[in-house]
Amino acid sequence: MLRAFGAAALVGATILVAGCGGSSSSGESESQTAAGISTAPPPTPTACETKGGTLKILSAGDVDHIDPGQGYYSFTYEITRPTQRALLSAKPGTVELQPDLAAGMPQVSKDGKTVTVKIRQGVHFSPPVNREVTSADVKYAIERGFATSVANGYAAAYFGVIQGAPKTAPQFPEPISGIETPDPSTLVFHLTQPEAVFVTALSMPLTAPVPEDYAKQYDDQTLSTYGLHQVASGPYMIKSNAAGSINGVGYKPNRLIDLVRNPNWDSSTDYRLACADEVRFEEGFQDPTVVAKTILSGSADANGDIPPPPAELRSILSSSTESKELFFTPTGGARYIALNTTEPPFDNANARKAVAYVLDRNALRLTRGGAVDGTIATHFIDPSFGDKGFEQAGGTGFNPFPSPDFSGDVTKAKELMKAAGYADGMYTGPQVTVVADNVPPGSDTAKVVAADLAKIGIKSRIISVTHATMYTKYCNVPKNEPNICPNVGWLPDFHEPQAILDVPFNGKNIIPSNNSNWPLLNDPAINAAMDRAEKTLDPSKRYEQWGKIDQQVTETASAIPWLWEDYPTLFSSRVVPALMVDNEGAPDVDFMSVR
Amino acid sequence: MSVHVETEASRRPSPGGPPGGLAAAQRALAGVLGSSMLRYVVRRILWGIVLLFVVSGLTFLIFYAFPAADPAALRAGRQATPQLIEQIRHSLGLDKPVYDQYWLYMKGLVLHFDLGYSYENNVSVTSQILSRLPATIALTAGAFVVWMLVGIPVGILSAIKRRSVVDRTTMGASLLAISAPVYWLGLIALLLFSQDIGELHFLPGAGSYTPLTSDPTQWFFSLLMPWFVLAAAFAAFYARMVRGNLIDVLGEDYIRTARAKGLSERRVILRHGLRAALTPVVTMAGLDLGVLLGGAILTETVFNIPGVGRYAYDSIINSDLPAIQGTVLFGAFFIIVANIVVDVLYAFLDPRVRY
Amino acid sequence: MGAAGAVAGLEWTDAEVRSRTPWQLFWERFREDRVAMVALGFVAFEVLVALFAPLIVHAFAHPPNAQYPGALDPVFGTPTGPSRRFLFGVDPVGEDVFSRVLFGARVSLEVALIATALSVTFGVVFGMVAGYYRGAVDTVISRLIDVTLAFPILLLALGIASACSLGGGCAGGLIKPGLGTVIVAIVVINWTYIGRVIRGQVLSLREKEFVEAARASGAGDVSILFREILPNLVAPIVVYSTLVIPQNILLEAALSYLGVGINPPQASWGEMIAEATPIFNTAWWYFTFPGAALVLTVLAFNLLGDGVRDALDPRLDQS
C-alpha cells in the first residue's frame with residue numbers, strides 16, 4: 001500500500017548505488033550479521049536447469065532512467081546488467097571484476113596515465129542496428145555521458161580525468177580527444193593524472209556501447225530520448241517495435257519492463273547463461289508483504305527493489321523450506337545521520353560528539369527491522385570490504401563513541417555538551433531543524449533521533465516532506481540545509497573504499513545543489529589525504545590510506561553511522577536463484593533458470 | 001366520475017407538477033430543437049471551457065510557483081554539477097517566469113492537445129493518462145453499478161417499510177458505511193477476503209489488477225473487492241437520500257390525493273413517488289461519477305490499481321509538474337462535463353431551470 | 001391569582017399555557033430521540049477524553065511520543081501487540097498506541113471543529129453578501145465557487161498542503177506546515193458548499209416582507225443582514241455544520257493518510273493507519289484501534305447530526 005514503499009525507500013531513501021569492483025575477500029565467505037544469519041550468496045549456477053520460460057520480478061518503483069547512460073541506481077542495474085555489456089563486470093556471485101565487453105583486463109601503463117582495452121570480437125547490437133560492436137561505440141558511449149542532453153551523474157567523477165574531457169558540459173555529445181580508437185577493437189584512454197579507481201570504473205554502465213549513427217538523432221535533442229529507443233549488446237533486450245522504440249512495447253513507465261532475447265547475442269562471446277526466454281519486471285507493487293507472499297506462492301520469482309518486511313522475514317526464516325530461498329547480501333555502505341557542520345550548534349565538534357554518544361543505534365536499527373537488517377555501524381567502510389579497507393579502518397573494533405549495547409551513553413554525552421559550553425550538559429539554544437521522509441521507515445528514524453536529542457536538551461522541529469523534496473529542496477542544497485538530515489547514507493558505486501568516502505566527505509565535492517556531502521565537511525587535512533589516496537595505484541597502500549581516512553572522518557562526528565545494511569532477496573522455489581553480490585543482492589536474471 | 005377526471009388530469013402536462021408522459025416528451029423535443037435549450041447548452045459549454053482555463057492557471061500557480069521539490073535537480077540526478085542543473089532547468093523552461101511557462105503550456109494544450117512530457121521519465125503525459133484510464137473507468141463504472149443497484153432499492157425498501165426492523169438495520173448499516181474511511185474498509189476487506197493474506201481466501205488481493213483485454217476473469221475478480229469497498233459509502237449515502245426523498249414525496253398532497261382515490265400503493269409509489277424522489281438522485285449520481293472518473297486516489301492506493309488517481313498522487317509526490325497539471329486538468333474536465341450533462345438533463349426535464 | 005377564574009367545582013392552577021421558543025421546542029424533541037442522545041453523550045465523552053488526554057495518559061499509560069524499543073522484537077524489530085503494559089500494543093517505533101489514539105482524538109477534533117467553524121464563517125459571509133447584493137459581487141463569488149468546485153478535491157488539498165509543506169510555509173509564513181496547512185486546505189474546499197446554500201437562502205429571504213419592512217423603516221444593509229436575515233439562516237447553518245463536521249474528520253484523516261499535514265511525532269489517526277498499512281496483517285492492532293476510533297467518532301457525529309436535523313424539522317416523521 002501507499003506507506004509500504006517505505007520499504008522500497010530502503011533503497012530510495014539513501015540514493016543507493018552499488019557497482020562492482022575489486023577482488024573478493026571475506027565478502028563471499030560465511031559472514032554473520034548480529035542475528036547470526038548468514039550472508040552467503042547462493043552458489044552461482046554453471047549451467048541452465050531448463051532453457052526457456054519466463055521470469056517475473058516484482059518491484060515497487062521504476063528505474064531512475066531507462067537510458068543506460070543515465071542510470072545510476074541499483075534497480076536500474078538489474079535491467080542494464082542483462083542488456084548492456086560494460087567493458088568489465090563482476091564475476092557471478094562475487095565482487096571481482098572480469099572482462100565483459102573487453103577481451104581482457106585493461107593494461108595500465110607504469111605512470112598510470114594510459115589505459116588500453118581490447119574489445120571482444122563477435123558482439124552485435126540488437127535490432128534494428130544489428131552490426132558488430134566496435135571501440136568507437138564505447139568511445140561515443142562515454143562521450144555522451146558528459147553532454148547535458150544525457151547528463152550522466154558519475155561521468156565527471158570517474159572519467160573527468162581523461163584528457164580532453166569537458167570541464168563545462170556541452171549541450172550535445174562532443175568528441176573527447178583523450179579517448180583513442182586506433183582500430184575497431186582497441187580503445188586507449190589518456191589520463192591527465194593517474195586515477196586509482198579508473199579501471200574499476202570501467203564496470204559502470206556508461207561504458208556499454210552506444211552506436212553513434214543510430215543514437216545521434218536522439219542525443220541531439222535538449223533531453224535525449226535515446227533511452228526510449230535503446231539497443232542492447234547483452235543476451236537480453238527491452239522489447240521494441242521494428243523501428244527500435246520501446247515505449248509502450250517493452251517499457252511501460254512505472255508498470256512494466258519486458259526483456260526478451262537479443263537475437264544477435266552470441267553465447268560464445270559471453271559468460272552469461274541467459275536461460276529464460278523472457279524476463280518481466282512488473283512494477284507498482286506497494287505492499288512488501290504481498291510481494292513476499294506472491295513470490296513464496298510461486299506466482300513471481302524474485303523481488304526487484306521491495307524487500308520482504310521484517311514480519312515476513314521472521315515467518316520465512318522459521319520455515320525450513322522457505323528459508324532456503326532467502327538470501328542476505330551486504331550492501332557495502334552505511335546509513336548515517338548527517339549533522340550540518342556549518343551552522344550552530346553542530347559547528348562545534350564537541351556538540352557533534354555529544355550527539356554521537358547519545359544516539360541509540362540499537363533503536364535506530366530497530367526502525368529498519370532489527371538485527372536481521374544488518375550490523376550496527378561504527379565507521380563507514382562496511383564489513384564486506386574485509387581487507388580492502390574495513391580491517392584497515394579497525395574493523396568492528398574501531399568505535400570512537402562506544403556505549404553499552406550501542407544504546408547511547410547520556411552521561412558521556414552530557415560531559416561533551418559541557419565541553420561544548422553548555423553549563424549543566426543540557427543544550428540551551430534554539431530548536432534544531434530536522435528534515436525527514438514523511439513515510440516510514442525514514443520518519444521513524446527521525447523520531448528516534450529527535451527523542452535521543454531530547455535527552456541532552458535539544459528540541460527538534462521535524463519537517464516532514466516527501467523524498468524528492470527532502471533531497472532537492474533541503475538536504476542536497478547547502479543553502480537550505482537543516483541542522484540534521486537523518487535519512488541519508490551512501491552506497492559505493494563499486495567495491496573500492498574511495499567510492500564510500502570521497503563524494504560524501506571530500507570538501508571539494510560540495511556543490512550548490514544536488515550536493516551529497518551532507519555534513520558539508522571541509523577538513524583540509526582529510527581532503528588532502530583523500531587526494532593523495534586517489535592517486536595511489538598500489539592497492540595495499542591505498543587501502544591503508546583509506547582505512548585511516550575512514551577513522552578520521554568518523555572522529556569528526558560530522559556524520560554518525562548506524563547501520564551496515566544486509567539486503568534480503570527472496571526467490572521462489574520455481575527458479576534456481578542467482579544474485580548480484582556487487583549490487584545489493586539484486587536478482588541476476590542472466591543466471592536464473594526455471595527448475 | 002370525478003375520480004377518473006382527476007387522474008387523467010394529473011397525467012396531463014401542467015406547469016407546476018411533475019412532468020408526465022408523452023406530452024412532456026413532445027414539448028421537450030420541441031425545446032431541444034428550439035433555441036432556448038440550445039442557447040443554454042452552448043452557454044454552459046462555454047463557461048466550462050473558461051473554467052478549465054482558470055483551473056489550469058490556478059494549478060500552475062499552486063504547483064509551479066511553489067514547487068515542493070526541484071524538478072531540474074531531480075532530473076539531473078546525483079552528483080550533477082550546478083551548471084548541468086541550470087542547463088536542465090533551462091531546457092525544461094523552468095527558468096522562465098511563471099506566466100511565460102503558462103502561456104507556452106496552454107499553447108501546446110490548445111493547439112496540439114499536448115499535455116507535455118513527464119519530468120520523471122520523459123514519457124508523454126497524455127499517453128500515461130490514457131494508458132491508465134481503462135483501470136479508473138473499470139473501477140468507477142463497476143462501483144457506480146454496485147452503488148446504484150444496492151443503494152436505490154435499499155432506500156426505496158426502507159422508505160416503504162419505515163421504522164421496521166429492516167429499515168433500522170439498513171439505515172444503521174448505512175451510517176456505518178458512511179463513517180468508515182474507504183482505505184480502512186479496504187484493509188479490513190483485504191484482511192478478510194484476499195487470497196494471499198486474508199482469513200477467507202477467495203478473492204485476489206491488492207495489486208492483482210489485470211487489464212480486461214489480457215485476462216477477463218482475473219480482471220473481474222480482482223475488481224470485486226475494490227468495487228464493493230468504493231461503493232459502500234456511496235450506496236449508503238444514496239440509500240439514505242432516496243429514503244429521505246421518497247418519504248418527503250410520499251407526504252406530498254398529490255400523493256395523498258392519489259391514495260385517497262384508491263390507487264394501489266404500488267402504483268402510487270412507482271408512478272408518482274419514485275419519479276420525483278429519484279430526480280435529485282440522478283443529479284448526484286452524475287456528479288459523483290464525474291468526480292470519480294478523475295481518479296479515486298484512496299481506493300486505487302489501497303488496492304494498488306494502476307489508475308489515473310494513483311498517477312496524480314505519485315506525480316505530486318515527485319513534483320512531476322506536467323503530470324500534475326495533466327491529471328488535475330483531466331479530473332477537472334470530467335467534473336465539468338458531468339456538471340454540464342446533469343444541468344442539461346435537468347433543463348431537459350424541467351424547463352423552468354433554463355434561465 | 002386563581003380568583004379571577006374561579007368557577008364552582010373547578011380549580012384553575014397556576015399552570016399557564018407557556019409559549020416555547022423554537023430552541024426549547026428543538027431541545028425537547030431532541031431529548032426524546034434516544035439514539036441522538038446517546039450520540040451526544042459519546043461526542044461529549046470524546047471531547048472530554050481529548051481535553052484530558054494528557055492526564056489520562058499520565059495516569060494509565062505512557063507519554064504518546066515516548067519510545068520503548070524494548071517492546072520491539074530485537075531481531076526483527078516487529079512491534080508487540082496489546083498487553084497489560086501497552087493496552088493497544090506499540091507501533092513500529094515502540095510508542096504506546098493507546099496514548100496515541102487518545103492524542104489523535106485531539107488532532108481530529110481540533111482540526112474538524114476549527115476547519116468547520118472557519119469554513120462556515122467564510123461560507124456564510126460570502127453567501128450572504130452574494131445573495132443580498134447580487135449583481136457583480138454575486139457573479140464574482142459564484143464564479144469563485146464554480147472554480148473551486150471544478151477542482152478534484154483531494155488533488156487541490158494535496159496541492160495546497162504540499163505547496164505549504166516547505167519549512168517556511170506559505171502566505172508569507174502565516175500558514176506553517178502541520179495542522180495549519182491541513183485546516184487551510186479543508187477550509188478552501190469547504191466554504192463553497194455552504195456558500196452556495198446560504199446564497200440560495202438569502203436570495204429568497206431578501207424578497208420577504210419583513211426585509212421590505214426593515215428597509216422601509218430606514219435600516220442599513222448591514223443591520224438588515226445581521227438582524228433580519230442571519231437569524232433565519234441559523235437552521236441551515238446548524239444543519240450544514242452537523243453534516244460537514246464528520247466529513248471534515250474524514251478529510252483530515254485522508255490527508256494524513258496520504259502523508260501531508262501533520263508533523264511527526266504528533267499522533268493522527270489517518271497517519272497511524274497509513275503507517276500500519278504495510279504491516280496490517282501482522283500488527284493488526286496498529287490499524288484497528290485508530291480505525292475504530294475514527295469510525296466511532298464519525299458515526300457519533302453523523303448520528304448527532306441526524307438527531308439535530310430531525311429535531312429541527314419534525315414535519316416528517318423520519319425516525
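These questions and answers concern a predicted model.

Biologist: Which element of chain B gives the largest share of the side that touches chain A?

Modeller: On chain B, 36 residues are in contact with 45 residues of chain A. The elements that give two or more residues to this side of chain B are α4 (71–76), α5 (82–91), α7 (125–160) and α13 (297–303). The largest share is seven residues, and the element that gives it is α5(B).

Biologist: How many residues on the side of chain B that touches chain A are charged?

Modeller: That side of chain B has 16 nonpolar residues and 17 polar ones. The charged residues there number three.

Biologist: Where in chain B is confidence lowest?

Modeller: The mean pLDDT of chain B is 79, and 86% of its residues reach 70 or more. Confidence is highest in α7(B), at 91. Over residues 1–20 of chain B, pLDDT stays under 50, and where pLDDT is low, the predicted coordinates should not be read in detail. The lowest mean, 28, belongs to helix α1 (residues 2–11) of chain B.

Biologist: Are α9(C) and α10(C) roughly parallel or roughly antiparallel to each other?

Modeller: The axes of α9 (residues 269–276) and α10 (residues 284–312) of chain C come within 8 Å and cross at roughly 150°. Angles over 145 degrees count as roughly antiparallel. The two helices, α9(C) and α10(C), are therefore roughly antiparallel.

Biologist: How many nonpolar residues does the contact of α9(C) with α10(C) have?

Modeller: Residues of α9(C), including W269(C) and M272(C), meet residues of α10(C), among them Y286(C) and F287(C). By class, this contact has one polar residue and no charged ones. The number of nonpolar residues is nine.

Technical notes: Residues numbered from 1 in each chain as written. Chains lettered and ligands numbered in written order. Predicted model: local features only at pLDDT ≥ 70, side-chain atom pairs only at ≥ 80, totals over all residues. Contact = placed C-beta atoms within 7 Å. Helix = DSSP H or I, 4+ residues; strand = E, 2+ residues; numbered from the N terminus. Nonpolar A, V, L, I, M, F, W, Y, C, P; charged D, E, K, R; others polar. pLDDT = per-residue confidence, 0-100. Axes fitted to C-alpha atoms, helices over the stretch in contact; angles between N-to-C directions. Parallel < 35°, antiparallel > 145°, perpendicular 65-115°, else oblique.
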